[in-house]
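Me: I would like to go through the charged contacts and the helix packing in this structure. Could we take them in turn?

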Amino acid sequence: MTTCIAAITQRYFIVTASDTRLSFGGSYSTDGVLKDEGIHREWGALVAGNDISQAPFVIEEAKRLLRGKSGELNVVKDAFRRAYQSCRNEAITDSLLGTFEMSIDEFKKKAASNCTRKSSPTFRFGCGVSVWGARSWFTVLMTTLSPTYSQLPILVALNHSTSRGFWAIGAGARSSLSTLSVLRQHPDRCSVEQTIYNVLAAKYSSESASDVGPETWVWIKRVNCDGYSSSVGWEKEVKELWEREGRPKTLPSAVQAIQRGNLSFFYQEDGKKPRLLSIIESPELEARPPKNET
């Protein structure tokens with residue numbers, strides 16, 4: 001199991017955090033595994049569960065379906081659902097029907113006349129996925145409601161206008177969501193730095209759950225930016241402050257540590273050399289969105 005957390009914040013940012021632990025049936029575990037992967041220039045996916053063996057296939061199929069496509073919400077949603085269904089069907093064929101040299105379509109035809117509903121094959125992925133995106137003029141999270149849902153994943157969009165704009169999956173999800181609620185996390189109330197701290201505090205709180213590792217991977221996505229850089233050691237300083245002074249308040253000292261982290265984002269305009277922007281720079285990204293993008 002694991003913990004993966006994402007939160008929307010002001011000025012078109014998304015903050016994500018997860019542990020890096022991979023467990024092997026409770027016998028032993030290893031740290032250093034990244035569970036946040038890009039599936040499109042504007043979108044990424046967080047994976048959590050007790051069996052993530054199928055997740056790479058879903059993500060790679062989603063990447064293939066999105067290659068050359070726009071990052072519009074419905075396009076990404078459709079690609080993710082199709083990728084999930086395709087990989088699930090393939091897994092069912094390999095694990096349940098392969099012995100009988102039967103495809104799913106052939107099984108359905110025979111099941112319609114010879115099988116009861118209870119005798120149909122079931123197959124559950126043992127993991128959940130949260131898909132996040134920061135596209136021009138909006139930020140959004142999509143998450144599966146149930147990591148073991150046997151059919152298509154149920155996707156729920158979380159954005160500024162319809163929700164508090166955060167979600168968590170994995171073994172530490174309940175603790176993470178509780179912490180974010182206590183800290184009153186909201187995209188319109190919390191600054192970028194406050195959101196970063198709140199997400200990290202939620203992750204640290206989740207470490208009491210089974211198989212959630214102490215190492216933290218944090219990623220911050222900004223609209224129209226390809227990545228970000230920071231000074232070394234700021235996350236470690238934040239955790240030390242949280243352990244010493246936090247639980248459950250948002251710490252001004254930790255927010256200041258994040259500010260000292262010198263977070264900057266790689267921004268590239270068409271035909272121009274990439275440049276680094278600080279959190280407070282790039283007023284062109286704050287301009288009013290076109291009517292057809294709202």
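Me: Which side chain does Lys239 meet in a salt bridge?
Reply: This is a predicted model. In it, the side chain of Lys239 meets that of Glu207 in a salt bridge, at 3.0 Å from N to O.

Me: Where do Lys239 and Glu207 lie?
Reply: Lys239 belongs to helix α6 (residues 234-245), while Glu207 sits in the loop between α5 (192-206) and β11 (216-222). The pair therefore ties together parts that are 32 residues apart in sequence.

Me: And is Lys239 buried or exposed?
Reply: Lys239 is buried, with a relative accessible area of 14%, because buried means under 20%.

Me: How many salt bridges does a search of the whole structure find?
Reply: The search finds nine. Among them is one between Lys63 and Glu60, with the closest N and O atoms 3.2 Å apart.

Me: Which helix holds Lys63 and Glu60?
Reply: Both are in helix α1 (residues 55-66). They are three residues apart, which is about one turn of the helix. Lys63 is partly exposed at 21% relative accessibility, and Glu60 is also partly exposed, with a relative accessible area of 42%.

Me: Which residues are linked with Lys63 in a network of salt bridges?
Reply: Glu37 and Glu60 are linked with Lys63 in that network.

Me: What about Arg244, which residue does its side chain meet?
Reply: The side chain of Arg244 forms a salt bridge with that of Glu245, at 3.7 Å from N to O. Arg244 is exposed, with a relative accessible area of 59%, whereas Glu245 is partly exposed at 35%.

Me: Let us change topic to helix packing. At what angle do the axes of α4 and α5 cross?
Reply: The axes of helix α4 (residues 173-182) and α5 cross at roughly 140 degrees and come within 8 Å. That makes α4 oblique to α5. The crossing of the two helices is right-handed.

Me: Why give both an angle and a distance?
Reply: Two packed helices are described by the angle between their axes and by the distance between those axes.

Me: Which residues of α4 meet α5?
Reply: From α4, they are Ser175, Ser176, Thr179 and Leu180.

Me: How many residues of each class are in the contact of α4 with α5?
Reply: This contact has four nonpolar residues, six polar residues and no charged residues.

How values were computed: Residues are numbered from 1 along each chain as its sequence is written. This is a predicted model: local features need pLDDT of at least 70, side-chain atom pairs count only at pLDDT 80 or more; totals for chains, interfaces and linings use all residues. Side-chain values use heavy atoms; hydrogens and water are left out. A salt bridge is a side-chain nitrogen of Lys or Arg within 4 Å of a carboxyl oxygen of Asp or Glu. Helices (H or I, at least four residues) and strands (E, at least two) are DSSP runs, numbered from the N terminus. Buried means under 20% relative accessible area, exposed over 50%, partly exposed in between (1.4 Å probe, protein chains only). Axes are lines fitted to C-alpha atoms, for helices over the stretch in contact, and angles run from 0 to 180 degrees between N-to-C directions. Angles under 35 degrees count as roughly parallel, over 145 as roughly antiparallel, 65 to 115 as roughly perpendicular and the rest as oblique. A crossing is left-handed if the near helix is turned anticlockwise from the far one by less than a right angle, and right-handed if clockwise. Contact means heavy atoms within 4.5 Å. Ala, Val, Leu, Ile, Met, Phe, Trp, Tyr, Cys and Pro count as nonpolar, Asp, Glu, Lys and Arg as charged, and the others, Gly among them, as polar.
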